[in-house]
Amino acid sequence: MTTPVEVAAPWHDRYEEILSPEALDFLAELHRAFEDRRRELLRLRDQRFAEFAAGRLPDFLAQTAAVREKEWRVAEPAPGLVDRRVEITGPTDPKMTINALNSGAKVWLADFEDANTPLWENVIGGQLNLRDAIDRRLAFTSPEGKQYALNDGPLATIVVRPRGWHLTEKHILVDGERIAGALVDFGLYFFHCAERQLRAGAGPYFYLPKLESHLEARLWNDVFLLAQELRDIPRGTIRATVLIETFPAAFEMEEILHELREHSAGLNAGRWDYMFSVIKKFRTLGREFLLPDRNSVTMTAPFMRAYTELLVRTCHKRGAHAIGGMAAFIPSRRDPEVNEKALTKVREGKTREANDGFDGSWVAHPDLAPVCREVFDSVLGDRPNQLDKLREDVSVTAAQLLDIRSTPGQHTEAGLRNAVSVGAQYLAAWLAGAGAVAIFNLMEDAATAEISRSQVWQWLHNDVTLDDTGEKVTRELVERIADEEIAKLGGNGHAEARALFLEVATADDFTEFLTLPAYERMP
């Protein structure tokens, strides 16, 4: 006899449709089967960091050399995931859900992670929106009276991104303890929508964030196997794309694909979290891993170039899709000059990705989907992808992946101000319930907030002197800039965000993820 699952949160309209007794029992089964392994893998992350701090830098794993040397391929692309030339990302609120599905993109990354604030209403409301969208009954009217509805024709394929393994859901308790947020997001969607998606000619598809090793991919694969067994869904129906957005994972791409091979849909190159991971993992090793202004670290930096080329080579060697990074620009209705400059950069980035062999790429706004599609159309033509572009010319070494020092750029006051302002503004919005926020014509999410605050922490703890002013980065300087930047914003609501930003950007001990203390401040 199972112990009842406790939902320690309000039940709003229609919540019983998602939080049914059967769905909660399903979550409990997943939690009891995998919670011990999840915690052990988080302990292994800490152990690995201790090795880095002791000077043992990452390398390709000797113990898995046989995986890299053998001949094997992942499963054939699933329906709806053959052509992925344009993917749009965003949270699962009703307006974004409708706009993303109508955008003309091939895939929508329906985000419960970095572009979402895990307010209880967002967690469960997002599940309702996805189910209603699959049933084609989702509609939305804005406070201004504007109406949104799904098109009658083809919609983007839904790929859900659950939270990372490190986050828990405080509103659902199993046997008195919190369940992993990842299992909540995955489990509720799979329970309610797997069969719906199969009937619609697609399937239950996922993006897996923040993985740091092939062992974490193995855990996800075992979750998939059990979930399919419990719901009587054919083995291999689930497909998952893994974001290679942590530095350790870059050394285990083939192993990650191998662990998930019957469920694999490829890998994605995530720029901001990858930069964040560089700082986080090597924060004790001094100036060797010091990054310049965050906006000057582009995908053409040597260490980023090595990582993306290795990703394409790895994916296509194994028959898997390689998906490029985010175009985060938000078009302005009032400034055509800003649009022209930004769209030129977007086009250049997408052209580089398409020519490198990527099969598709991300955009953050529907207005960017046509640009991305045009670029990939020009390279792909009538082909749905370029899995046949094997990039056998690519051979990347550990030293190239670790070559942070040669990254061009400076440490400037403008860069410091931007990091402080973006971090504080984003946290103010996050605490208020918005996880994707337009700031300075860019779509900021938790990943970009992480690089902002971690860069401030890195400069502060490495006694950086700003190249343009000659001023040393100190706590006093960071606090003064925070006050000045927040004063520019006007209004109220930034005091808590300022305090939280300074806590995670200036403390002696580095907070693993800013969303951990931020989540505890939320109801």
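D356 is found in helix α12, which spans residues 336–356; helices here are DSSP runs of H or I with at least four residues, strands are runs of E with at least two, and both are numbered from the N terminus. The model is predicted, so local features need pLDDT of at least 70 and side-chain atom pairs count only at pLDDT 80 or more, while totals for chains, interfaces and linings use all residues. Residues are numbered from 1 along each chain as its sequence is written, and side-chain values use heavy atoms, with hydrogens and water left out.

Is D356 buried or exposed? With a relative accessible area of 9%, D356 is buried (buried means under 20%, exposed over 50% and partly exposed in between, with a 1.4 Å probe and protein chains only). Neighbours within four places in sequence aside, D356 is in contact with R305, E309, V312, K389 and R391, contact meaning heavy atoms within 4.5 Å.

Burial also marks helix α10 (residues 271–281), where 10 of the 11 residues are buried. Among them are W272, Y274, F276 and K281. The cover over these buried residues includes α2 (21–53), β10 (239–244), α8 (247–250), α11 (302–317), α14 (398–401) and α16.

Next comes a sheet. Strands of a sheet pair through backbone hydrogen bonds, either parallel or antiparallel. Here, three strands form an open antiparallel sheet in the order β1-β7-β8, two strands being paired if DSSP finds at least two bridges between them. β1 (6–7) and β8 (177–180) stand at the edges with a single partner strand each, so one side of each has no neighbour in the sheet. Strand β7 (residues 168–174) pairs with β8 over four bridges, and E169 has I179 in β8 as its bridge partner. Helix α6 (residues 181–199) lies across β7 and β8, running at about 60 degrees to β8; axes are lines fitted to C-alpha atoms, for helices over the stretch in contact, and angles run from 0 to 180 degrees between N-to-C directions.

The largest cavity has a volume of about 140 Å³, a volume being the space filled by probe spheres set on the points, which are joined across faces, edges and corners. The largest cavity is lined by 15 residues, of which E113, D114, L167, A446 and T515 lie nearest its centre; lining residues have an atom within 4 Å of a point. Helices α16 (446–461) and α19 (515–520) each supply at least two residues of this lining.

How values were computed
On a 1 Å grid over the protein atoms alone, a cavity is a set of points where a 1.4 Å probe fits but cannot get out, and a pocket is an open set with protein on both sides within 12 Å along at least five of seven lines; lining residues have an atom within 4 Å of a point.
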